[in-house]
Amino acid sequence: LFCGCDKSDRPLDVNSLTVSNHVFSGCVDIDDLTKADKLPYLPQTITLEASGNTLKILRQGRFPCGSKAEIVVTNEGNTITIEEVNKGPAAMCSCPSEYKSEINGMKEGIYTICVLPFKSEDGYYKPFIFNFKEGVKEKVKLEFFYNWL
């Protein structure tokens, strides 16, 4: 894995990040998503924005109907794992949804971001690199890989 460092040449302390201001929309009409791309098929995307020592997240896609998405954030140095956790019931259907959240405790540097969906035993999203620097904003289309035996 690639690991970057901040200006002090020291990575973040293990599990030093915290989550705040988390809001999940639940099922919505695709036209009601925040600045959604008006596509018939809604891709799984995440938009990251660096502001001070905060990483602002806007995650859009299809989530299980009835779910209540929350996130658990862990880090090992400059590798950040965002695990999506369902705290509500879920049906076999899915619907357009989004969540907004903030990760606090960031430092300037290069990060490997890993997003684990609700059912991570089925697969995972391909990790990607984000350069955390004041004002940087990037939208990433998440690529899903199945855990096939």
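1. Let's start with Cys-114: this residue is buried, with a relative accessible area of 14%. Here, buried means under 20% relative accessible area, exposed means over 50%, and partly exposed lies in between, using a 1.4 Å probe and protein chains only.

2. A word on the basis of these values. This is a predicted model, in which local features need pLDDT of at least 70 and side-chain atom pairs count only at pLDDT 80 or more, while totals for chains, interfaces and linings use all residues. Residues are numbered from 1 along each chain as its sequence is written, and side-chain values use heavy atoms, with hydrogens and water left out.

3. Counting the bonded cysteines of the protein chain in sequence order, the pairing reads 1-4, 2-3.

4. The link of Cys-27 and Cys-95 is left-handed, with -70 degrees about the S-S bond. Cys-27 sits in the loop between strand S1 (18–24) and strand S2 (45–51) and Cys-95 in strand S6 (residues 94–104), so this pair ties together parts that are 68 residues apart in sequence. Cys-27 is partly exposed at 44% relative accessibility, whereas Cys-95 is buried at 7%.

5. Cys-65 and Cys-93 also form a disulfide, and their sulfur atoms are 2.2 Å apart. This pair links distant parts of the chain, 28 residues apart: Cys-65 is in the loop between strand S3 (54–64) and strand S4 (69–76), and Cys-93 is in the loop between strand S5 (79–86) and S6. Cys-65 counts as buried at 16% relative accessibility, while Cys-93 is partly exposed at 38%.

6. What does the secondary structure of the protein chain come to? You will find zero helices and eleven strands. Helices (H or I, at least four residues) and strands (E, at least two) are DSSP runs, numbered from the N terminus.

7. Finally, the chain as a whole. Of its 149 residues, 40% count as buried. Among contacts between residues at least 6 apart in sequence, 69% join residues at least 24 apart; contact means heavy atoms within 4.5 Å. The protein chain exposes about 8,400 Å², and carbon and sulfur atoms supply 53% of that area. Accessible areas come from the Shrake-Rupley method with a 1.4 Å probe, and for residues only the protein chains shown count as cover.

Technical notes:
Disulfide = S-S within 2.5 Å.
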